[in-house]
Amino acid sequence: MSVAVALFRKLLGMAVTLLVTSFLVFSSLYLAPGDPVSFLVKGRSPSPAELVAVRKEFGFDQPFPARYWHWLDAVLHGDFGRSYLFHESVGAVIWARLPASLLLVGVSTVLIAVVGIGAGAFSALRHGTRTDKSVLLLVTVGAAVPSFAAAVVLRSVFGVRLGWFPTIGNGTGLLDELHHVALPAVALSVTFMALVTRVTRASMLDELGREHVEVALSRGAPRGSVLRRHVFRNALGPILTVSGLLVSGMLVSTAIVETAFGMSGIGSLLVQCVDELDFQVVQALVLLVVAVFVVVNTLVDLVHPLIDPRIAAGGGAR
Amino acid sequence: MTLLEIDALTVELPGAARPVLDAVTLRLAAGEVVGLVGESGSGKSVTARSALGLLPARARVTGRVLVEGRDLVGADAARLREVRTGVASMVFQDPRAGINPVRRIGDFLTEPLRLTKGWSRREAEARALELLAAVGLPDPPRHLRQYPHQLSGGMLQRVMIAGALAGEPRLLLCDEPTTALDVSTQAEILALLGGLQRARGLGMLLITHDIELAAASCDRVYVMYAGRIVEQAPAAELFGSPRHPYTRGLLGSTPPLTGPLERLRPVPGAPMSLAESAPGCAFAARCTFAEPGRCDHSAPELLPLTAAPDRSAACFRVAELPNPAVTEARP
């Protein structure tokens, strides 16, 4: 199968996933308790006639399939509706907060990759030693720390006591933003780092025991090259898969960390809009999160055959 | 100078009841084909690996392993690399496991040349093409770009052999080179190895559990049992008149290739594991000729036979035992 056909299949799969998700998201919010109209008219006492008018204006009087269809139609044309809360188009609301969250996720991804893979490889090469056991212990602790707990500790130690990092807000300008995002990124990535460390260590140990490694050594290749070209290179598959899953799911986890650090981003927006029943924004955000998840994992699938040629480009192991 | 000279090599692993290798002594001259025969776990592979300095890191090693005079026991990385890149190389048992599955055949062949000899990609690839042709693969330029899973087991073993020849070695260690292959390709690979050995004048150590194979393709054969050499003899003589009871047992349990199929006589008992040890001869417990109070008391040394000084056996009773002709000797 050619690469173009494989790519087309992936894209088709992505589209179907997103369509199914959109339906689930829309219907779950439809079923959720609470009436958005009551939020819209909050603080006033409208007459029944006014209520009917509001319902009609926002389309709440129409049956569910019609509402879904209208919404989907608009979404496909790039219109995610208007936010009740911000009196702005949903697109503009999200767009304004996206860069901060992307920076947070980006810095966390780098941390996860560098620290997770580094610690895992380091630990595997010292298998069975005290260093290895210490790393494993740290990893177990790290994996057990929820990000909100990490956030509290990091803020109080590095933010308040030591005063090295700001404790609240997004900052302005790239350097200041990076300074602001440092602690949240650590809080966000602790658990993920621990998981990547474990996967890297296990995968490296697996490959270290393979006969082709001994063969390469028996032919005089320097140990460093063998570790790089045969052990780490072959261990990449599982590391990439797990990292892809973790990173693509990270946008959801920003909700806790951004709220804890008083940052304005996608995550804190999601929390706020769920609180205030701003359905249009919530729908768009959930779709965005799912889209990122699907796109990142599709990319991982597409890269995988390059790492392991035994996996055909069309997906599915040989 | 002897090509390979292993002298009283003893390898002990922590936690094992007996040494993996116990005072193994073996000689292999340039251009000579020597067989190393024994059951699984008898130490054949460890012996061969010692000639590349590939012993387990945790092992306690005494004795000497001289490859063209260089002692590899306790050798530094530079000396090991010198031997591995230009003097000795190994054909491993299973090419599917021994060749990195995610890299191209070309990478497998050119890597040592580029990494250890500093050749350019172009030079190394030209050499790889020659090597692939030398091992009889039909389309070298195409194979260079193929991945291991695109080749059959037999073809891949040819690649493994080509890889072993890349550094122009004088000693080729073959660790059961046909065991992982289909029966139909085994003979082809053996013929290829034999042809290469003769054409290049290689010294070859052929490890096998197939005593008939060893007799057919080797000049001399060593028989190993539980980490020790128990018998050494020119191949034809060993096959025609085995002297050590273990070798007799091995031959009695091998179905003849020609002639009427008689009932096979398996060696009773099981080979000694690393968790067991014996104060005397390791084979005594399974030996029909064992003499209580002597064979299970102290271990016999490998000594030349008085009747045939080019042969040796490690058995107290070797001179007393009847001299059987198990089958007629074959070429």
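Predicted model: local features only at pLDDT ≥ 70, side-chain atom pairs only at ≥ 80, totals over all residues.
Residues are numbered from 1 along each chain as its sequence is written, and chains are lettered from A in the order in which they are written.

Q: What makes chain B as compact as a globular protein of its length?
A: The globule rule (2.2 Å times the number of residues to the power 0.38) is set against the radius of gyration, taken over C-alpha atoms. For 331 residues the rule gives 20 Å, and the radius of gyration of chain B is 21 Å, close to that value, so chain B is as compact as a globular protein of that length.

Q: How many residues of chain B count as buried, as a percentage?
A: A residue is buried if 20 or more other C-beta atoms, placed from the backbone, lie within 10 Å of its own. Of the 331 residues, 45% count as buried.

Q: Which domains does the assignment give for chain B?
A: The bounds come from an automatic or database domain assignment. Domain 1 comprises 1-87 + 169-331, and domain 2 comprises 103-168.

Q: How many residues of domain 1 of chain B are in contact with domain 2 of chain B?
A: Two residues are in contact if their C-beta atoms, placed from the backbone, lie within 7 Å. In chain B, 14 residues of domain 1 are in contact with 14 residues of domain 2.

How values were computed:
Buried ≥ 20, exposed ≤ 12 C-beta atoms within 10 Å, placed from the backbone.
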